[in-house]
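Visitor: Hi, I'm new to this one. Could you put it on the screen and walk me through it?

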Amino acid sequence: MVEIGSERLSTRVAFTDALPGLAVRHNVLVVDTDTGSVKPTPEMEYLNVGIAENAAIGLAAGAQHHGWRALVCTFAAFSVSRAFEFIKLDIAYPRRRVCIVGTHGGASGGWLGPTHHCAEDLALMNSLPGMRVVVPADAHQAVSLLEQCLQYDGPTYLRLGRKDSPVFEGLPEPELGRPQEVRAGDDVALVATGPEMLATACHVADGLEGAGYRAQVINAHSVDPESARAVDGIIGGECRWLVTLEEAFTSGGMGAQVASAVGARGLRWLPVGVTDFLPPGAHADLLEASELTSDSVLRRVLEFVAGSKSREGVSG
């Protein structure tokens, strides 16, 4: 059984520690944008182009065209805004084998404020055909999914958090594009992406059980449209309600992809995510203000289910 462990580790730190060995093993050119998230070694092929995200994307695309695998490390907020046109035309359109790593995803930029918060990346990257969009469930999955992104025959976007986040015990090794059932249930499907939201989903499932509902929890570590169709394949056939949880804008993000994929089922859908720009603040405080904590989400889910039953004229 999957459980939330006692330790907390940053997906960004896990990436930093694992990258040198993986880059050498897979012959990867690492292009950094002065993020502080890459610790180059003499064995690595490494370039730091400074705060020049457009140039980093173009350089990586050219290197891949000449036979390299390439990885670009950026802040998520800058890769999906400043460099989006270059990602679209230089990486996604020709299906380059380039991994774009965006750190400080969601609200994890904390006190750095709106310039470094990034809740729009999932929607923007999901809009690009053929782009794999990946959000590891914890630090351990971050390492495995990083290597899979480096081996993938196409473009990938790997979103990482800034500071320590939950680590899960008993979570199987991830496989790119394949969601994982963390907990079985046949009433409510809780589909979550990222460490904080998966932990919230597990706590909410416990609360729902106390209210008489069996909740299925699904770890959507790959959140692109193709992966969303795979989520449809594992949602329990008896589930009546779908709840998606993401530390991202709900318009166009993971939830929108999953809801589109399962639309023919007629499930009632509650999207849980970021709905407005966030001020500077501690990460935990921003999650609370966005009603993304376990207590807030549980309350919303129970109200959602009760309202759904009332509209259907169901009393039990």
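Visitor: Let's start inside. How much space lies in the largest cavity?

Guide: About 210 Å³ of space lies in the largest cavity. Keep in mind as we go that this is a predicted model.

Visitor: Which of them gives the most?

Guide: It's α7 here too, giving 5 residues to the lining of the largest pocket.

Visitor: What sits around the middle of the pocket?

Guide: Nearest the centre of the largest pocket are Arg-8, Glu-196, His-283, Ala-284 and Leu-287, among 21 lining residues. That lining counts 9 nonpolar, 7 polar and 5 charged residues.

Visitor: Switching topic: I clicked on Gln-64. Where is it found?

Guide: Gln-64 belongs to helix α2, which covers residues 53-65.

Visitor: Is Gln-64 buried or exposed, and why?

Guide: Gln-64 counts as buried, because its relative accessibility is 14% and the cut-off for buried is under 20%. Setting aside neighbours within four places in sequence, Gln-64 is in contact with Arg-96, Arg-97 and Val-98.

Visitor: Let's zoom out. How many helices and strands are there in the chain?

Guide: The chain has 11 helices and 13 strands. Its radius of gyration is 19 Å, close to the 20 Å the globule rule gives for 316 residues, so the chain is as compact as a globular protein of that length.

Visitor: What does the chain span along its principal axes?

Guide: The C-alpha trace spans about 65 × 35 × 35 Å.

Visitor: And how much of the chain counts as buried?

Guide: Of the 316 residues, 57% count as buried. The chain exposes about 12,800 Å², with carbon and sulfur atoms supplying 50% of that area.

Visitor: Last one: what share of contacts join residues at least 24 apart?

Guide: Among contacts between residues at least 6 apart in sequence, 78% do.

Note on methods
Residues numbered from 1 in each chain as written. Predicted model: local features only at pLDDT ≥ 70, side-chain atom pairs only at ≥ 80, totals over all residues. Heavy atoms only, no water. 1 Å grid on protein atoms, 1.4 Å probe; cavity = no way out; pocket = protein on both sides within 12 Å on 5 of 7 lines; lining within 4 Å. Helix = DSSP H or I, 4+ residues; strand = E, 2+ residues; numbered from the N terminus. Nonpolar A, V, L, I, M, F, W, Y, C, P; charged D, E, K, R; others polar. Rg over C-alpha atoms; globule rule 2.2 N^0.38 Å. Buried < 20%, exposed > 50% of the residue type's maximum accessible area, 1.4 Å probe, protein only. Contact = heavy atoms within 4.5 Å. Areas by Shrake-Rupley, 256 points an atom, 1.4 Å probe, with all protein chains shown as cover. Points joined across faces, edges and corners; volume = space filled by probe spheres on them.
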